[in-house]
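Please take a moment to look over the sequence and the fold together before reading on.

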Amino acid sequence: MQIALTDDLDTCLALRRAVFIDEQGVSEAEEIDGRDPEALHLLATLDGRPVGTARLFAAGDTGKIGRVCVLADQRGTGLGAALIRAALQVLRDQPGVTAAKLGAQTHAMGFYEKLGFTAFGPEYLDAGIPHRDMILRFSE
């Protein structure tokens, strides 16, 4: 498995379409929000096949991890955790970024807690799916 920053936005969008739009029923208007050109994108591949992606923003002292998806046949393999660890490393490398934040689907909160994230704030709906914000502060 390889995870790296990519400029191949079409492949990342195809993965997101498969998971969020086709599988989870998120509308295309909500998924394709126009912010991709200003983001960093990670692409996970397995034997050359795209299998996961994440979108990153670094603004101020807090980086944001979003649009994290792994194809159904690769879930439970450790790929999602590797993708998050790679995203955290990219954000740690950004000047001035001291924390990472994400909006977790509530069913996935335990996954993120194992990676060091802590939930804060109330539950909310994003694209009709229950979420909670989570944060991980980088130690110096």
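In this predicted model, Asp36 sits in the loop that runs between helix H2 (28-31) and strand S2 (40-46). Is Asp36 buried or exposed? Its relative accessibility is 5%, and because buried means under 20% relative accessible area, Asp36 counts as buried. Once its neighbours within four places in sequence are left aside, Asp36 is in contact with Leu9, Leu13, Arg16, His41 and Arg55. With one of these residues, Arg55, there is also a polar contact, in which the side chains of Asp36 and Arg55 come to 3.1 Å.

Now turn to Tyr124, which is found in strand S6 (residues 118-126). Tyr124 has a relative accessible area of 27%, and since this value falls between the limits of 20% for buried and 50% for exposed, Tyr124 is described as partly exposed. Leaving aside its neighbours within four places in sequence, Tyr124 touches Gly103, Ile129, Pro130, His131, Arg132 and Asp133. Gly103 is 21 residues from Tyr124 in sequence, while the C-alpha atoms of the two are 9.4 Å apart in space. The side chain of Tyr124 also makes a polar contact with the side chain of Asp133, at 2.7 Å.

Finally, consider the largest pocket, which holds about 890 Å³ of space. Its lining is made up of 40 residues, and those nearest the centre of the pocket are Phe20, Val68, Cys69, Gln105 and Tyr112. Strand S4 (residues 62-70) gives the largest share of this lining, with seven residues. By residue type, the lining of the largest pocket contains 18 nonpolar, eleven polar and eleven charged residues.

Conventions. Residues numbered from 1 in each chain as written. Predicted model: local features only at pLDDT ≥ 70, side-chain atom pairs only at ≥ 80, totals over all residues. Heavy atoms only, no water. 1 Å grid on protein atoms, 1.4 Å probe; cavity = no way out; pocket = protein on both sides within 12 Å on 5 of 7 lines; lining within 4 Å. Points joined across faces, edges and corners; volume = space filled by probe spheres on them. Helix = DSSP H or I, 4+ residues; strand = E, 2+ residues; numbered from the N terminus. Nonpolar A, V, L, I, M, F, W, Y, C, P; charged D, E, K, R; others polar. Buried < 20%, exposed > 50% of the residue type's maximum accessible area, 1.4 Å probe, protein only. Polar contact = N/O pair within 3.5 Å; in protein donor to acceptor, adjacent residues only side chain to side chain. Contact = heavy atoms within 4.5 Å.
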